[in-house]
Amino acid sequence: MRAFSYERATAPEQAAARAAEVEGARFIAGGTNLLDLMKLEIETPVHLIDVRGTGLDEITATDEGGLRIGALVSNTALAADERVRRDYGVLTRALVAGASGQLRNKATTGGNLLQRTRCPYFYDTAMPCNKRNPGSGCAALGEGAFSRQLGIIGTSDACIATHPSDMAVAMRALDAEVETVTPSGASRRIPLDEFYRLPGDTPEVENALMPGELITAVRLPAPVGGHQAYHKVRDRASYAFALVSVALVRRPDGSGRVALGGVAPQPWRRDRADAELPNGAGAVMSRLLDGARPTEENAFKIRLAERTLAAMLAEG
Amino acid sequence: MDFHQPTDDNLFDRATVIGKPHARIDGILKVTGSAPYAYERHDAIEGQLYGYPVGSTIAKGRVVAIDADAARQAPGVRGVITTLQIDPLGIWNYNVARLFGGDAIEHYHQAIAVVVAETFEQARAAAALVEARYEEDPVDVDLEAGWRRLQGSGEPSTLVGDVDAAFAAAPVTLDEMYHTPSQTHAMMEPHASIVDWSDGGRMTVWTSNQMIEWNRQALATTFGIAPDRIRVESPYIGGGFGGKLWLRADAVLAAIGSRAVGAPVKVALPRPFVINNTTHRSATVQRIRLAADTDGRLTAIEHEAASHTLPGGRGENATAQTPFFYAAPNRRVRHHLVEMHLPEASDMRAPGEASGLMALEIAMDEMAEKLGMDPVAFRIANDTQVNPSDPSIPFSERHFVECLERGAEKFGWADRNRTPGGRREGDWLIGHGMAGAFRGALTLNSGARVRLVGGRLIVETDMTDIGTGSYTIIAQTAAETMGLSLGEVEVRLGNSAYPVSSGSGGQFGAASSTAGVYAACLALQEAVAERLGAESPRFENGRVTADGLDLALGEVADGAELVGEDTIRFGDFKQGLQMGTFGAHFVEVGVHVATGETRIRRMLAVCDAGRILNPITARSQVIGGMVMGVGGALSEELAVDLERGFFANHDLAGYEVAVHADIPHQEVLFLDTLDAASTPLKAKGVGELGICGVAAAIANAAYNATGVRVRDYPITLERMIDRLPEV
């Protein structure tokens, strides 16, 4: 870990302005991912702006009948919120499927969205990685590389990493929006489907945030209703990232939404796949994973996603 | 004390302390965080500095140049020592990887430098500034290719009868391939040491090591100094599982750092170094052939396996149990070592048997099915009371059949699912499986010293407690022998100032070290008798009694200290006996019908391991082994990057051991067996028996649940989902 300076911000606008002022600054909240990355020198900020004092820790009702979740609301508090449990069940289920109780107590809503990939080659600074060190190559695409956990769709020749969040998968199914404040003090809203960037030739660019821009909240639209489920598939029963996860919202008429985790550089959803829900899991996945480019080791994720969704649909 | 024949009945057959369920005497220290583990021994010596390792980023070749200038100028740095500044260090017994010195690179994350600084953060930050240039050689780390090259070559290690004729004549045969992956010990506490060698004279090492005397000898050889100038302390160890049998880079780098900067230096290996710098269990490729007649008697067993190793190393001999476990008149066993430049393969909990039984016990399940037999009955039919590879050698004690029968009854085996894929509860396919367990019962010479100070007895031995309960069973042994209560005994372990013991490994520690303590107590009894001029005094209830004599033990020496010291030496007679520990595992699993995720629902182990010295700590050992077996069956795999030649998932997020949620109800039954040929306490080890066979029982249960036979570990869902029913 490199030496860094540290300050506490007291307001979101102030934090964003400071972040734009100080070259190499990063925000820190729960620190559950950033500190690990700093210890390994995958992230090397010279200055940390602690945003925990910025008052963004409330969940409030919106005029549109939805919820505004402050960026600092912990994963534990969000999962346990009565309104979330009642109206956005897929979100609670996704949250409690993630990490461990201890981590969820520390991890925040904004930080969860900004988790970095868990690709083992991203984590080993001796390895080429276009995301960590642009232009150095992708060890995960090497002959004989270990790619079982990695992405099958939305990936590129530069990067096949996945986004590790469970929470974001549920939020994608719920049509969430990210609310931010820019260094100039302006607020903007970014729909989650425009928030994450596919890797292309620039896997180091992971989202639509501008330098210094701070996530202040996630906004959920009015409850979509229906049956909501989240099924996370993994090798052990807890404390593992998803091989595949499926967030499902299903209305009584058979329509609904499907988002996948563990398969792509971002929570993976396509409208044209949602439209196939009345026709079953095979029809959904043929649209949702059309164009997939798995490795030999992770090709199973295609069948796994379909089978998982099929089991969820069979449950009703 | 020579143990040169099986023991008669003795005081342990009338025990009041040993064999009883006493909670760990060191438990309070552990749960209050006050047991001093190596890295936290801040008060052991003044002025400790922090060392941080730098590892090779290639698997094989030569390090040409190391630029440490930036690191040397970084804040707080007191010294950087690179491998190019040091002649190749010596290598002691059992290991082959060179830990430091010279330019040759044998594996990824081999240590190439150590940075010493005033704080941990300074050392770590400066270590990241060290840059190295390499000449890289290509690596071949393809074990499967090695197997194809070597299969059928070389002399068998066991060859009995006419195997080929037996297979030709047998009405029922099996011939299958099995694979187990490389595994890491994943002990909670990483390798860590503080070393003071600041004056270049005497060396003091506070470390985390299972084998104090081996560690001392290895340090002496490595640094070319006399063993008597080295003191090693390792009183508490946060897990070892064989990974801490050896001197590793933590102590070596700390010593080099200490010598260079003239101050004590502490080094803990970061987790990725634990995986790629230290040792691991090798992957195996195994071919098993079984032949049987129609009534279920095995007529031939052939087991051929390969594992990997650095040149000159030992790998993982998965055939270890095959010469001994089941009866059959014809047998051929062979093991191939495939030399490759992965980190050094070496011992991990039940080396050999753990991997071998993962395969053999699936094969037995498959064969039982072919024969239309209950797998329990099939194993009973092939029990043997003599070494089947040399029938002139009987087992000292073998109660495998009783393990199987007791287990089947306790588990409710009769009510098991009998149709693979035939039992379903909601989305879960339910299956039952079982496996046999076998592990040797080695004993090693072991010494101890006991000091009677007033009414207290102090036991000193360099035996270690790696979380196993050594402190407690040693206290129980001493209390039993001297007629004291447990509270009157203090146990001091893990220090080279104490008599040399067996150490902890190979499940020889408990049986050997308690026997050594018993021998020392007998020596103390003699000293007491001599001082009192008494013939054969009795030691009971804190008192020593003889004709016309009855006084408290604490009053014998009248304020002085009486000492007894001895070593138990195990005699050659054991070579005429086959000694082992036996068990049976029964498991119920659920396999998710859509995803193929396998989850354990309940587990039972029945163990035949001689006298159980403490049912609490022994149970703890066995359930720990079972947990490790769950990981081995379902998730643990060191993933090899075949091009770069290293284990890519080198942290505990990528290498998945079982977590609490994976472990449901566990039950352990100990048979009340005694082995008079093992030790005066008639005890054998149990710490490795617990892992033996577990994974195969799970594999067999997964097959029983799904009808899908998986012969490659770990049994992850992609090996099954294509063959599961449509959703």
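I looked up the buried area first: chain B and chain A bury about 3100 Å² between them, 54% of it on carbon and sulfur atoms. Buried area here is the accessible area (1.4 Å probe) that two parts lose on being put together, summed over both. The model is predicted, with local features needing pLDDT of at least 70, side-chain atom pairs counting only at pLDDT 80 or more, and totals for chains, interfaces and linings using all residues. Residues are numbered from 1 along each chain as its sequence is written, chains are lettered from A in the order in which they are written, and side-chain values use heavy atoms, with hydrogens and water left out.

Next I checked who takes part. The contact (heavy atoms within 4.5 Å) takes 41 residues from chain B and 37 residues from chain A.

Then I looked for salt bridges (a side-chain nitrogen of Lys or Arg within 4 Å of a carboxyl oxygen of Asp or Glu). The rule finds 3 across the interface of chain B and chain A. I noted Glu656(B) with Arg236(A), where the closest N and O atoms are 3.9 Å apart.

I asked which elements give two or more residues to the side of chain B that touches chain A. They are α3 (120-127) and β28 (640-641) of chain B. Helices (H or I, at least four residues) and strands (E, at least two) are DSSP runs, numbered from the N terminus. α3(B) gives the most, with 3 residues.

Last, I turned to chain A. Strands β2 (residues 25-28) and β3 (residues 47-50) of chain A pair in the parallel sense over 4 bridges; pairing needs at least two DSSP bridges. Ile28(A) stands opposite Asp50(A) in β3(A).
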